[in-house]
Amino acid sequence: MKLFRNIALLPLLALLGGCNAIVLNPAGDVAIQQRDLVIISTVLMLFIIIPVMALTVFFAWRYRQSNKSAPYDPDWDHSTHLELVIWAAPLLIIICLGAITWMATHLLDPFRPLGRTAPGQAVTREVKPLKVEVVALDWKWLFIYPDYGIATVNQMAAPVDQPIHFRISASSVMNAFYVPALAGMIYAMPGMQTQLHAVINKPGDFKGFSANYSGDGFSKMRFDFLARDDADFAKWVSDIKANGGNLGRTEYLELEKPSEGVAVRKYASVDPQLFHRVVNLCVQPGKMCMHEMAAIDAKGGLGLAGVNLVQSIEYDKSARRGSAPILAKAYVASVCTTDAPMGADMADVQVTPVSSTPLLGAGLPRPAATFQSFAPRPSNS
């Protein structure tokens with residue numbers, strides 16, 4: 001009976017042969033280093049786990065009740081040699097894990113530009129990374145190529161052995177950008193910008209997806225990652241320029257609406273300030289951007305009256321997610337600020353040091369000083 005049961009399980013084992021553990025067999029140098037870190041950490045921990053499991057079985061068999069030849073010492077309570085082994089071995093493992101983790105945390109920092117594209121292939125200053133701006137929408141992915149002026153939905157491509165610099169944000173709720181074959185997972189958050197540096201070393205078609213639950217369409221929030229050689233990547237770009245549409249602010253607001261299972265879309269032209277407006281939560285015409293609001297706050301703010309005049313920054317995009325606010329909002333439609341910061345990185349914006357004078361509100365005069373004396377008035381008599 002046991003033989004027949006084992007034979008019946010053989011087809012199930014055959015099904016496991018079709019599994020592709022992409023995390024343990026990645027195609028990018030960063031992901032390979034992360035895989036090696038996982039393997040090294042596992043092996044180091046097994047140095048403790050395997051002996052403990054083996055000794056558990058050995059002691060149970062050696063000192064079983066029926067084994068009369070085993071020594072019996074009920075008064076035993078200490079062994080210096082055993083204590084050294086019990087404490088020294090885990091301590092050495094922790095020291096090794098700590099050192100490896102500390103080095104890997106800095107070397108594999110997603111914000112750190114790549115120092116190499118493969119073992120022995122250093123990245124020189126002449127090598128320019130491929131810039132990709134990523135926006136996590138509900139429930140799809142938008143990829144903008146600022147150097148090429150194109151964009152795609154639920155599909156991206158990159159040349160083999162060329163560094164990739166991702167700048168990642170989200171339109172509404174927090175998500176997580178993850179291509180297992182390329183690099184580790186990194187969060188995408190509204191009103192913020194995260195970064196990821198990576199490289200793909202093997203041509204092929206890979207899958208990317210969201211690794212953070214974000215609502216009804218989360219399970220279908222996947223995209224294709226195409227690793228191509230230089231010639232095929234150039235052809236991919238030219239095809240988009242020849243057959244794609246236009247992605248401006250109006251088209252983005254329509255694209256931003258929640259939808260599931262969206263097919264691949266391609267755009268031959270993109271508003272060059274679109275990603276900056278997404279990060280600053282001001283794609284809607286007339287809405288104040290976060291960097292404009294920060295500039296006003298740095299100069300003292302709009303005063304108490306201005307608090308109710310400026311439209312609040314909405315992270316949930318309630319109107320486009322089908323749950324519009326009950327009360328209509330009045331807000332400042334425009335402000336007298338320069339557009340220069342919009343096209344520049346936030347790190348390049350020069351911020352004037354905040355003055356130590358009292359905050360009076362922009363354009364409001366200092367209130368007149370009034371004093372009241374509570375001392376008794378002198379009598380005329």
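I began with Phe206, which stands opposite Phe225 in strand E12. I noted that strands (E) are DSSP runs of at least two residues and helices (H or I) are runs of at least four, numbered from the N terminus. The model is predicted, so I kept to its conditions: local features need pLDDT of at least 70, side-chain atom pairs count only at pLDDT 80 or more, and totals for chains, interfaces and linings use all residues. Residues are numbered from 1 along each chain as its sequence is written, and side-chain values use heavy atoms, with hydrogens and water left out.

**Entry 1: the open sheet**

I looked up how E11 (residues 204–210) and E12 (residues 222–228) pair, and found six bridges in the antiparallel sense; two strands pair if DSSP finds at least two bridges between them. Both belong to an open sheet of five strands with mixed pairing, in the order E6-E12-E11-E8-E9. Strand E6 (155–159) and strand E9 (186–188) each have a single partner strand, so one side of each is left without a neighbour in the sheet. I then recorded helix H4 (residues 230–243), which lies across E6 and E12.

**Entry 2: strand E7**

Is E7 enclosed or open? I found that seven of the seven residues of E7 (residues 164–170) are buried, so this strand is largely enclosed by the rest of the structure. Buried means under 20% relative accessible area, exposed over 50%, and partly exposed in between, with a 1.4 Å probe and protein chains only. I listed Ile164, Phe166, Ile168 and Ala170 on one side of E7, and His165, Arg167 and Ser169 on the other.

Strand E3 (residues 130–137) runs parallel to E7 and is joined to it by seven bridges; there Val134 stands opposite Ile168. E10 runs antiparallel to E7, with five bridges, and His197 in E10 is the bridge partner of His165.

**Entry 3: Asn201**

I located Asn201 in the loop between strand E10 (194–198) and E11. Its side chain makes a polar contact with the side chain of Asp161 at 2.9 Å. A polar contact is a pair of N or O atoms within 3.5 Å; within protein, one must be able to donate a hydrogen and the other to accept it, and residues adjacent in sequence count only if both atoms are side-chain atoms.

**Entry 4: Thr152**

I placed Thr152 in strand E5 (residues 150–153). Thr152 counts as buried because its relative accessibility is 0%. A polar atom of the Thr152 side chain lies 2.3 Å from the backbone oxygen of Gln155.

Terms used. Contact means heavy atoms within 4.5 Å. Axes are lines fitted to C-alpha atoms, for helices over the stretch in contact, and angles run from 0 to 180 degrees between N-to-C directions.
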